[in-house]
Amino acid sequence: MNNWWQNAVGYQIYPRSFYDSNGDGIGDIKGIITKIPYLKKLGIDFIWLNPIYKSPNVDNGYDISDYKDIAAEYGNMAEFQELLATCHKENLKVILDLVVNHTSDQHPWFVQARKGKDNPYRNYYHWQDATEQNLPNNWQSFFGGSTWSLDEASGQAYFHVFAPEQPDLNWKNEAVRNEIYQMIRWWLDLGIDGFRLDAISHIQKEPWNFKIKDNPWAPFMNVAGIDSYMKDLQQIFKEYKVMTVGEASGVSSKKAVNWTDSDGYLDMIFELEHNVRKGIPGEERIDLLGFKKVIARWQKDLGEKGWNALYIENHDNPRFNSILGNETKKSAKAVAMMYLLLRGTPFIYQGQELGMTNYPFQTIAEVDAKDTLSFYRRLLAEKKSKKEALKLATAWSRDHARTPMQWDDSEHAGFTTGRPWLEVNPNYKKINVIAETEDTDSVWNFYRKLIRIRKQEKTFATGAFELIAQNDPDIFAYLRKGEKQFLILTNISEKKRTLTLPKKIWQRNWRLCLANNEASQQALDKKISLAPYDAFLFVLE
Ligand code: NOJ
């Protein structure tokens, strides 16, 4: 176990909302450079940047129109290189997003492809004969509507698993693969430290006449034949010895072993199963038991051979302190301890380390995310009131996580001197970097301690995982067993709970290392009382 990323903690930066250095209301590369000391102070080892490439921004950078250029609102190539060099000087590694399932419809390849059937770039994408009434099949896209968009001029339709402005590349075409591999090498030659591979399990599709039985995404999720493309990619990544993490929905925990073992295509993958929801629409929360079962299964199935990417928040999901915690400092800390000491490489999403919460949307004008907007329009068409539609559409909106980072208690939370592209959460006066770095009892300082402990103790990187109280709906507790033994006990609920520990645990001599309740003098006994959102870390003496 001597890969650098196995004992590292990552930090995800959503550049648009991180820090704006020029007052245009949009975060930028210079802003990230300014905040490197902040990241160092937190104790993380690498950053993953969401896409910074040239893009018409239909899907905030996930629709790329030039793979080798930087979006003007973020800066330019020289600034990116400055960021890379500064990070490296500070011993921070830099991982970029690699979006190669699709391009923007404004990418020169697609602009050409659209010109007609005989264009040399036509076959860079998937085209099939079609009419409005007779699309090639009934497959649905992730963002709603058909996966096919009609091009009347040619009597054909092109294929997209996301928005119509994000046409899927045709990986069967060797010329496409060569362009992509060459582009990947180009970035790696610049000295970046790895990639997060967007939507990578979708690059291979079933034949167009494939019939969907139950899973609507089956025709483009980890479909047979993907392996040969993944092997090509693996070869490049191995050659450059870089870190890779794949967004690979449809790769089950059982299959993920082959994807992530020492001979695997990638170093780790983000599982997309853990957001198990409960509650009525509009008020859904994470079901702890469902969440726990998914996490425990991945920990077990990947075991000693594979490797997990650990995360609770990202730019596509609401804030965990709102959907699993109760928006308090204490719950943010409990949730942090719950996942940060699992086996794998933890990722922290910007603002998570402050306990940032969901945004209280008052009007649809505050929403940017296209999928939330189309959901809202659909609800209105179904005759829901504006109020009801807003509640339902924003409950799980990606925009909760995309509001600007809260740096201080000045206007716009110190994110920008201009008008922020997305509203700032009104709780920034209390939840912000300045307040929390100064307060020894803050969520931020708790994250810092957890990161430090995790990196000091080899057991967290290498030790085995064992779940305790498997079927308890409120408590997430586990052992990490390696050179030392650690016990993590968290009550992820607003209930006061008593837990009966197994004899093999309570009979032994445990010492408390860290708790989110400073008054606590908790010693382990057969029965242990846990107040709402209590979290304890014990070590075996
Ligand atoms: C997954 C990304 O995380 C998401 O933000 C994006 O919309 C889709 N892939 C399409 O690229």
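The model is predicted. In total, 32 salt bridges are counted.

**Glu-283 and Lys-391**
- A salt bridge joins the side chains of Glu-283 and Lys-391, with an N to O distance of 2.7 Å.
- Glu-283 sits in the loop between β12 (277-278) and β13 (285-286), while Lys-391 belongs to helix α12 (residues 386-394), so the contact ties together parts of the chain that are 108 residues apart in sequence.
- Glu-283 is partly exposed, its relative accessible area being 44%.
- Lys-391 is likewise classed as partly exposed, at 38% relative accessibility.

**Asp-439 and Lys-329**
- The side chains of Asp-439 and Lys-329 form a salt bridge at 3.6 Å, N to O.
- This pair connects distant parts of the chain, 110 residues apart: Asp-439 is found in the loop between α13 (433-438) and α14 (443-456), and Lys-329 in helix α10 (residues 329-340).
- Asp-439 has a relative accessibility of 28% and therefore counts as partly exposed.
- Lys-329, with 38% relative accessibility, also counts as partly exposed.

**Lys-330 and Asp-534**
- Lys-330 and Asp-534 meet through their side chains in a salt bridge of 2.8 Å, N to O.
- Here the linked parts of the chain are 204 residues apart, with Lys-330 in helix α10 and Asp-534 in the loop between β21 (527-530) and β22 (535-540).
- Lys-330 is partly exposed at 23% relative accessibility.
- Asp-534 has a relative accessible area of 3%; because this value falls under the 20% cut-off, the residue is classed as buried.

**Annotated region**
- An unreviewed UniProt entry places the feature "domain: Glycosyl hydrolase family 13 catalytic" at residues 12-402.
- Across residues 12-402, the chain is 31% helix and 14% strand.

Technical notes:
Residues numbered from 1 in each chain as written. Predicted model: local features only at pLDDT ≥ 70, side-chain atom pairs only at ≥ 80, totals over all residues. Heavy atoms only, no water. Salt bridge = Lys/Arg side-chain N within 4 Å of Asp/Glu carboxyl O. Helix = DSSP H or I, 4+ residues; strand = E, 2+ residues; numbered from the N terminus. Buried < 20%, exposed > 50% of the residue type's maximum accessible area, 1.4 Å probe, protein only. UniProt positions renumbered as here; feature names shortened; annotations may be inferred.
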